[in-house]
Amino acid sequence: MGDKYNFLEVEKKWAKAYADFYGYRAVDFDKTREKKYVLVEFPYPSGSGLHVGHAFSMTGADVYARYMRMKGFNVLFPMGWDAFGLPTENYALRTGISPQKATKDNTQKFREQMDQLGLSFDWTREVNTTDASFYKWTQWIFIKLFEKGLAQKEEMPINWCPKCKIGLANEEVIDGKCERCGTGVERRTISQWVVKITKYADRLIEGLNQTDFIEKVKAAQINWIDKREGVEIRFEVTRRHNDTVPQEYIKVFTTRPDTLEGATFIVVSPEHPIVKELKTSARGGQARNQELKWYIEEAAKKSDLEREERVRDKTGVFTCLMAINPLTQKEIPIWVADYVSMNYGTGAVMGVPSHDERDKEFAVKFGLAINNEYVPDEKVVDRLVKEGVGERKTNYHLRDWIFSRQHYWGEPVPMIYCDKDGWQTVPEDQLPIQLPEVEKYQPTDTGESPLANIKEFVETTCPKCDGKARRETDTMPNWAGSDWYFLRYLDPNNGKSLADMEKMNYWLPVDIYVGGDEHNTLHLLYSRFIYQFLWDLGAVPKDKPEPYQKRLSHGVILAPDGNRMSKTRGNVIVPDEVAAKFGADATRTYLMFMGPFDATMAWNERSLTGVKRFIERLYLLIIESVAKGEMSDEVSFEIINKLVKKIDGDLAVMKFNTAIAAAMGALNSLTEEGRKVGIAELKKMVVALAVFVPFVAEELWQMLGGEFSVHTQKWPDAVKIIEKEATVVVQVDGKTRGVIRTQELKNSKTQERMEELALADPNIKKWVEGKKYKVIFVPGKIINFVLTGDGDSSRM
Ligand SMILES: [Zn+2]
Ligand SMILES: [Zn+2]
């Protein structure tokens, strides 16, 4: 086959042509045209390059963006780099190559891979969170948060690696051990910047009403915030022995105040202040104090997550303290247990074994009292409130956002500390505070960021009193840049503001945001919070209170063995290796053909080979048809017009796999013996398929006499095909035994006539002759003869 499609040559040729061709992807705001902002999550440019998950989600977004362009929309489809973060810093520690250099190399590699895959990003709008011109605005947002009282420095417990002498983020703790060195992680309390996202908890729930997020995504947001109404109840603290008590009262948050009568004990978190006091006081039984001390130290070694997961284990120690149940006036014991977190409510809960399974298990295990002799009473709340013992409160599972990292590779927090004036913001005209280049990326002995070692960075003057002051050396968490990056794409070179108001007014909100399930909680929440905050500042358009209209979470691609891909398993599929072997067009089309865009699917090379063959056969059909120069016959005309309509409908709702399946079916029919396929119809087909196979489509478009580029064409008009024939499938006992083709369109909906026609066919008659049967009929589609036994050939 001399005409065999050489994808390597063709893809290389057109990739080169597209490198400098921005004719359809570089867009500007144009009020006369309707816009579509198609956003896909930007990647972290790691050293291992673009992975297949990126290729999958980005191809889906690309197909959609290409489709929307052809439908006449002004489509914004940008890409950038979420490049601050630990892996690059660790790489620098290992190799001595600076994070700046590694980031540059990696982003270049990623971009080449994206271009190779034919992703039509508008590179004129590329952003990088590590560029000073970008993080200037990340710092500006922080200053605004501080000015509005939403950023504060607080003592917070963190995960601490005693060997690396560094604070670790939760995701850096693997099985209670440091990700870098494997040493057991401890809990330490250090001073951290905290951003008060909880102040926006209600709005983050209510704002969802303004979006078209699917239920799954809305639920993920609401569950993460986990708003609970309840009552904070004050219990008087007493002690068995004649010692003084560490504090007079203890406050307990409960969503079931009506069960107060059944509260027979209290459990506090190991970090609760009342426990701290006890631990240091020498009073009480020495042995009991030892046990308590040991228990608290053990708890400190576990991460929050581990502790939450260990709820079932039910460990605990009695504190020797008692409390008075304000309703029954009975003394009840106070226990300490690690499943109670200081981060939720007051860090103390009441145990009601009669109405809570977990409390019951705890009571049974430690022999605590259980009170079943009462009826829950809603009126208790009013009484408690009236007596000043109870206070209505709303609690959230959502925690405030720890905004400090003691790492190098992040945005410097733009704050200055003066002994006299306290924390001061860096004056706006001094932004950005540039991240200085350093020799060593190791943290300091005190656990501070390596920036603390740079005298020229740290030493500064106080903006208020001009006296000597210290610059903050903490950097921001990796969410800081990604929570607002989608705004910067709208106006990436603006030196005066985040983005121009008129441009934001035109492009916002993001019409569709494609990303992973794992980002439906924190990333989505943080970015919506920052957007709402900017809205309050008046920094984004007034009539656009939410940033994202739709959110689509794409599926997951598993390895051929059905497992998650991982280096240790050695089952990783690398997209550019696949593209080199099968072609980028085949890789893209296969990714979209695997299944629904939100499904979890395993890689299958045989199916990929089938997709490659489809492209080769399409190529061959067009070469042959061009050589023959015939007009389409009626059947080909219908097939292609129907196909264009089918793809149109499917793409509008991102059903990529069914669109491709339809194209494969159409190609089978078009290549049947004796079919005539004309240029005009083939042109339509090529334009419609260009969204999936951008390279070969361009090649075929040229062959068909089209002008560069196929990607600037309008979506083809499909001629409406009027059905002239009905097809009714005939089954016997559910097995297909024949087909009735009839021009009696109306009659195809009546059982009697179809039964008559079916039985007129000897091939069907032989299956049912002399047998009893009943008929199941789906009008216009299926007639099924269900045999019920031998006997007269009669209907039942
Ligand atoms: Zn370590
Ligand atoms: Zn000062």
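This is a predicted model: local features need pLDDT of at least 70, side-chain atom pairs count only at pLDDT 80 or more; totals for chains, interfaces and linings use all residues.
**Exercise 1.** How are the rings of Tyr-67 and Trp-715 arranged, and which parts does the pair tie together?

*Solution.* Let's start with the whole structure, which holds 45 aromatic pairs. A pair of aromatic rings is described by the distance of the centres and the angle of the planes. For Tyr-67 and Trp-715, the centres are 5.2 Å apart and the planes are at 85°. Planes over 60 degrees apart count as edge-to-face, so Tyr-67 and Trp-715 form an edge-to-face pair. Next, find each residue: Tyr-67 is in helix α2 (residues 52–70), while Trp-715 is in the loop between α24 (694–703) and β26 (726–732). The pair therefore ties together parts that are 648 residues apart in sequence.

**Exercise 2.** Are Tyr-67 and Trp-715 buried or exposed?

*Solution.* Both Tyr-67 and Trp-715 are buried.

**Exercise 3.** Now try Tyr-773 and Phe-785: what is the angle between the planes, and in which strands do the two residues lie?

*Solution.* The angle between the planes is 80°, with 5.2 Å from centre to centre, and this aromatic pair is edge-to-face. Tyr-773 belongs to strand β28 (residues 771–778) and Phe-785 to strand β29 (residues 782–790), so the pair links parts 12 residues apart in sequence. Tyr-773 and Phe-785 are buried.

**Exercise 4.** Which residues lie over the faces of Tyr-513 and Trp-701?

*Solution.* Take Tyr-513: Arg-551 lies over its face, 4.8 Å from the ring centre. Then take Trp-701: Lys-683 lies over its face, 5.3 Å from the ring centre.

Definitions and conventions:
Residues are numbered from 1 along each chain as its sequence is written. Chains are lettered from A and ligands numbered from 1 in the order in which they are written. Side-chain values use heavy atoms; hydrogens and water are left out. Rings of Phe, Tyr and Trp (its six-membered ring) pair if their centres lie within 6.5 Å; planes under 30 degrees apart count as stacked, over 60 as edge-to-face and the rest as tilted. Helices (H or I, at least four residues) and strands (E, at least two) are DSSP runs, numbered from the N terminus. Buried means under 20% relative accessible area, exposed over 50%, partly exposed in between (1.4 Å probe, protein chains only). A charge sits over a ring if NZ of Lys or CZ of Arg is within 6 Å of the ring centre and within 35 degrees of the ring normal.
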